[in-house]
Amino acid sequence: MIVVHHLNNSRSQRVLWLLEELGVPYTVQRYQRDPKTMLAPPELRTLHPLGKSPVITDGTQVVAESGAIVEYLVERYGEQRLIPAPGTPERLRYTYWLHYAEGSAMPPLLLKLIFGRLGSPPMPALLRPIAAAIGKGVQRNYIDPQLKLHLDFMEGELGKSTWFAGDEFTAADIQMSFPVEAAAARGGLNTERPLLMAYLKRIHSREPYLRALQQGGPYELMS
Ligand SMILES: N[C@@H](CCC(=O)N[C@@H](CS)C(=O)NCC(=O)O)C(=O)O
């Protein structure tokens with residue numbers, strides 16, 4: 001039996017969604033973030049040295065890193081579903097988006113989160129104004145232009161096909177959901193990019209997505 005080691009409000013929501021799309025049975029083992037640091041609890045390190053979420057166990061097999069989990073589940077349980085046929089242009093696009101989500105889209109979104117918090121407690125009150133000014137400067141000069149570059153790119157790509165890898169929904173869309181949701185929550189994605197907003201609306205209305213939300217609990221990124 002597959003066990004999803006699910007950290008609240010995290011990327012493991014995508015794994016629950018993929019399993020719901022595939023109709024593969026699984027159980028959920030819950031972990032709660034530390035409310036102050038937002039870090040995962042140390043128990044997750046007993047499964048994988050990084051102690052990050054998602055991690056799944058399938059019998060004695062432990063799989064970490066969401067892209068690797070998506071590949072593992074689609075290959076092992078997908079029966080050719082949610083993945084374009086090998087050798088097609090769609091398959092190459094599928095591979096591209098599967099890697100792009102964590103490799104290129106998430107880093108500026110993470111920087112935005114970190115630099116947006118500079119100047120907030122627990123930083124000593126005396127240093128807060130200076131730190132906040134540095135945070136704003138880095139956002140203005142580097143992070144926000146990078147986010148714009150990525151959002152324009154993603155919007156342009158969704159102008160070519162309904163879904164990221166082509167006209168069929170694939171597991172690459174599940175992998176891409178997290179950066180697109182994070183961009184809507186804190187990266188400047190709004191109605192000025194109607195194709196990305198419509199994409200969000202489409203994924204949020206899928207039955208398996210909604211079932212996964214019930215399994216995973218409150219998910220603040222989905223704005
Ligand atoms: N690239 C990794 C990122 C894993 C990651 O950073 N997960 C976050 C949750 S969204 C986490 O575990 N944060 C808590 C921590 O770092 O302690 C993946 O996609 O699996």
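This is a predicted model: local features need pLDDT of at least 70, side-chain atom pairs count only at pLDDT 80 or more; totals for chains, interfaces and linings use all residues.
**Entry 1: Arg193**

Arg193 sits in the loop between α5 and α6.

**Entry 2: α3 against α4**

I examined how helix α3 (residues 89-117) packs with helix α4 (residues 128-158). The angle is about 155 degrees and the axes are 9 Å apart. Since angles over 145 degrees count as roughly antiparallel, the two helices are therefore roughly antiparallel to each other. I recorded the crossing of α3 and α4 as left-handed. On the α3 side the contact includes Arg93, Tyr96, Trp97 and Tyr100; on the α4 side, Tyr142, Ile143, Phe153 and Met154 are among the residues involved. I noted that the residues of this contact divide into 14 nonpolar, six polar and four charged.

**Entry 3: α3 against α5**

I then compared the directions of α3 and α5, which pack at an angle of about 20 degrees with their axes 9 Å apart. That angle makes α3 roughly parallel to α5, the cut-off being under 35 degrees. Here too I found a left-handed crossing. Among the α3 residues that meet α5 are Trp97, Leu98, Leu109 and Leu113; the α5 residues include Met176, Phe178, Pro179 and Arg186. By class, the contact of α3 with α5 has 17 nonpolar residues, one polar and three charged.

**Entry 4: the largest nonpolar core**

Finally, I looked up the largest nonpolar core, which has 54 residues. Which of them touch the most other members? They are Leu18, Ile56, Leu73, Met154, Phe164, Met176 and Val180. The elements giving two or more residues to this core are β1 (2-7), α1 (12-22), α2 (66-77), α3, α4, α5 (171-186), α6 (194-204) and α7 (207-216). I noted that α5 gives the most, with nine residues. As general background, nonpolar side chains tend to be buried together in soluble globular proteins.

Definitions and conventions. Residues are numbered from 1 along each chain as its sequence is written. Side-chain values use heavy atoms; hydrogens and water are left out. Axes are lines fitted to C-alpha atoms, for helices over the stretch in contact, and angles run from 0 to 180 degrees between N-to-C directions. Helices (H or I, at least four residues) and strands (E, at least two) are DSSP runs, numbered from the N terminus. Angles under 35 degrees count as roughly parallel, over 145 as roughly antiparallel, 65 to 115 as roughly perpendicular and the rest as oblique. A crossing is left-handed if the near helix is turned anticlockwise from the far one by less than a right angle, and right-handed if clockwise. Contact means heavy atoms within 4.5 Å. Ala, Val, Leu, Ile, Met, Phe, Trp, Tyr, Cys and Pro count as nonpolar, Asp, Glu, Lys and Arg as charged, and the others, Gly among them, as polar. A nonpolar core is a set of buried Ala, Val, Leu, Ile, Met, Phe, Trp, Tyr and Cys residues joined through side-chain atoms within 4.5 Å. Buried means under 20% relative accessible area, exposed over 50%, partly exposed in between (1.4 Å probe, protein chains only).
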